[in-house]
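I opened my notebook for a quick tour of this one. Here is what I looked up, in the order I went.

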Amino acid sequence: MDEERETLQRIVSTLVNKNDEIHNFIDMLNHTISNVQVNSSNAISELDEEFDGLYSVLHEMKGSMVNTIQQEEARKIQALQDQLTQCSRALESSEELLELAVQSLDIKNPVELLEASRQIKDSVTVASAFRLSLKPKVSDSMTHMMVDFSLEKHMLQAVNFLPVPKAPEIDVAACLVADNCITISWRMPEEDSRIDHFVLEYRKTNFDGLPRLKGEQRWELVDYIKATQYTLSGLKFDTKYMNLRVQACNKAVAGEYSDPVTLETKAFLFSLDSTSSHLNLKVEDTYVEWDPTGGKGQEKIKGKENKTSNTASPKRSTNSPRALARGSRDRFAGESYTVLGDTAVESGQHYWEVRAQKDCKSYSVGVTYRNLGKFDQLGKTNSSWCIHINNWLQTTFSAKHNNKAKTLDIPVPDRIGVYCDFEGGQLSFYNASSKALLHTFRAKFTQPLLPGFMIWCGGLTVSTGLQVPSAVKTLQKTENGLAGSTSSLNNA
């Protein structure tokens, strides 16, 4: 009976997941239909604009060329008119000389005839009619103003839609997720020399299937990528996965997006648990600050509640690591100015970082089992491990566990990296900037671990959603080869 029920439960779960996938695909199809309609309308509008622009250019060119012809016409007519005026004047002068010469033929006196003949001869010599060119200065031909648009017509007849680049293909095997960076590689399905650049889009998601339309973050865009590989750096991995897609663009148009890929982004993500933090601590998400006025007037009200127990109840209503860490424990009190993370480390290797304010007087960074009492301080119990920095009067730097301290004779870094290997029984602290090892605890962890922080006079900022840095992984391999030689506080 139980076996059949379990089988049916698996079938129900499978059907629910499949139905969810189909619903998502239906949403995608409807969204695609809507986009096709919108994009088609936009394409027609752009086509109208392009043709209107072409008509405008042709109309402008026609007007300019007609103006040129008219100017050439006016120039030629003016030249011929000037020549016509000169000819008319020359003709008038020549006719006057002709009439004078004819009249001179009737002179009887030889002396007078000789003088008239000489004057007429001199006048003819300088007459404009004999210096006048009888060839038109310009021709009546306008063939140099003719056009032949046969080539342009052929070009216009060849006008077609722009060649659209094909969708790139993402090489999933070559993609790399490391050090809170994602390197994505792709290739074109065929060589295309017209490709000018690529566009990369990415978004965070908690779903490992096809990208969804509803309830997702918007796509982030990286434009003008010239190579076929790009690295997104400085990411905070606060979701389980990342969707990525790539688009190829030529000088005029962008092509289709590649098939999206979903890459897993493993990282330890937690916030600070304000429900159990000391009342003198002001807690906001991943920031905690000492507040000397905090909780005044509240201790008496909460007195009965605080006297119930100094350990966390082992029973919870859910198995969620975050739910297990929250809500059911007493607030820290007394001189235990402590705040814990809201998510427990139960397996695997994890990493987070802490930055203290420059004027911070005293603080501790470490991990603890859930049974840390409300008056207990990190490092002073056998179930908590930490490094402690005290800047009061003089600076001291130490590693603490089970109320034992080891002085660390090294400078205190601005940022501290915390590496926890649950199965490997290792808790290491690093200079987060240089990745230099500060100290390592080795223990057999028998219960889930909560990130823990103590603060007095100052503030701490915690950075989560970080992957274990490659430099730390390399140092871990080296250190594991020398296991046992770096820590004198090995108690579990």
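**Cysteines, a pocket and a threonine**

I began with C457, which counts as partly exposed because its relative accessibility is 25%. I kept in mind that this is a predicted model.

Next I checked C181. At 19% relative accessibility, C181 counts as buried, because the cut-off is under 20%.

Then I asked how many disulfides there are by the distance rule. The count came to 0 disulfides. For C457, I found the nearest cysteine sulfur on C360, 8.0 Å away, and C457 is in no disulfide. A pair would have to lie within 2.5 Å to qualify.

I moved on to the second largest pocket, with a volume of about 800 Å³. Which residues lie closest to its centre? I noted T265, K266, A267, F268 and H350, out of 30 lining residues. Two or more lining residues come from each of β2 (176-178), α5 (321-325), β13 (349-356) and α6 (470-481).

My last stop was T464, which I found in strand β22 (residues 459-466). Is T464 buried or exposed? T464 counts as buried, because its relative accessibility is 2%. I traced its side chain to the backbone oxygen of F270, at 3.3 Å. Setting aside neighbours within four places in sequence, I listed K236, F268, L269 and F270 as the contacts of T464. I was pleased to meet F268 again, having already noted F268 among the residues closest to the centre of the second largest pocket.

Notes
Residues numbered from 1 in each chain as written. Predicted model: local features only at pLDDT ≥ 70, side-chain atom pairs only at ≥ 80, totals over all residues. Heavy atoms only, no water. Buried < 20%, exposed > 50% of the residue type's maximum accessible area, 1.4 Å probe, protein only. 1 Å grid on protein atoms, 1.4 Å probe; cavity = no way out; pocket = protein on both sides within 12 Å on 5 of 7 lines; lining within 4 Å. Points joined across faces, edges and corners; volume = space filled by probe spheres on them. Helix = DSSP H or I, 4+ residues; strand = E, 2+ residues; numbered from the N terminus. Polar contact = N/O pair within 3.5 Å; in protein donor to acceptor, adjacent residues only side chain to side chain. Contact = heavy atoms within 4.5 Å.
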